[in-house]
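Dear colleague,

I am passing on the structure we spoke about, with the sequence alongside. Please look it over first; my notes follow below.

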Amino acid sequence: MQQFGAILAFYRPYFIWSFLVNIGITIFNPHIVPAVITKLFLTVFLWYLVTETNARRKLIFYKNLGISSFKLFSSLFIIDISIMIVYIILIKEFI
């Protein structure tokens, strides 16, 4: 449970940006498969950005908790697409 809380703490600063991307996806192409592919691309880009910049030091905290980079970003992706799928389904009901 401590690891899940740490993963959510890592996701918190990216939530606003992710939600803005959800809104953009909804405007341009509100289908689930292209949205998941877009989110996968953005998660890989975030992984690259974090590992290649000074933000890499943030990953040391998660490694000390026993969370590998792969587990951290894959969990982030799963949380993000779960929120996105619920959002798209709700928006499609009202469009």
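The chain has four helices and zero strands, where helices (H or I, at least four residues) and strands (E, at least two) are DSSP runs, numbered from the N terminus. Read from the N terminus on, the order of elements is α-α-α-α. The model is a predicted one, in which local features need pLDDT of at least 70 and side-chain atom pairs count only at pLDDT 80 or more, while totals for chains, interfaces and linings use all residues. Residues are numbered from 1 along each chain as its sequence is written, and side-chain values use heavy atoms, with hydrogens and water left out.

Taken along the principal axes, the C-alpha atoms of the chain fill a box of roughly 45 × 30 × 20 Å. Of the 95 residues in the chain, 31% are buried, which here means under 20% relative accessible area, as against over 50% for exposed and in between for partly exposed (1.4 Å probe, protein chains only). Among the contacts (heavy atoms within 4.5 Å) with a separation of 6 or more, 77% come from residues 24 or more positions apart.

An unreviewed UniProt entry lists residues 7-25, 31-50 and 70-90 under "transmembrane region"; the positions are given in the numbering used here, feature names are shortened, and such annotations may be inferred rather than shown by experiment. In the model, residues 31-50 are 95% helix and 0% strand, with end C-alpha atoms 29 Å apart, and residues 70-90 are 100% helix and 0% strand, with end C-alpha atoms 30 Å apart.

Helix α4 has 26 residues and reaches 38 Å from its first C-alpha to its last, close to the 38 Å expected at 1.5 Å a residue, the expected span being 1.5 Å times one less than the number of residues. Its buried residues include Leu 72, Phe 73, Leu 76, Phe 77, Asp 80, Met 84, Tyr 87 and Ile 88, and what covers the buried residues of α4 includes α1, α2 and α3 (56-64).

Thr 26, in helix α1, counts as buried because its relative accessibility is 11%. With the same exclusion of residues up to four places away, Ala 6 touches Tyr 62, Leu 65 and Ile 67.

Finally, the largest pocket holds about 270 Å³ of space. Of the 13 residues that line the largest pocket, the closest to its centre are Tyr 14, Trp 17, Ser 18, Leu 42 and Leu 46. On a 1 Å grid over the protein atoms alone, a pocket is an open set of points where a 1.4 Å probe fits, with protein on both sides within 12 Å along at least five of seven lines, and lining residues have an atom within 4 Å of a point. Helices α1 (2-28), α2 (32-52) and α4 (69-94) each supply at least two residues of this lining, and α2 gives the most, with six residues.

Best regards

Conventions: Grid points are joined across faces, edges and corners, and a volume is the space filled by probe spheres set on the points.
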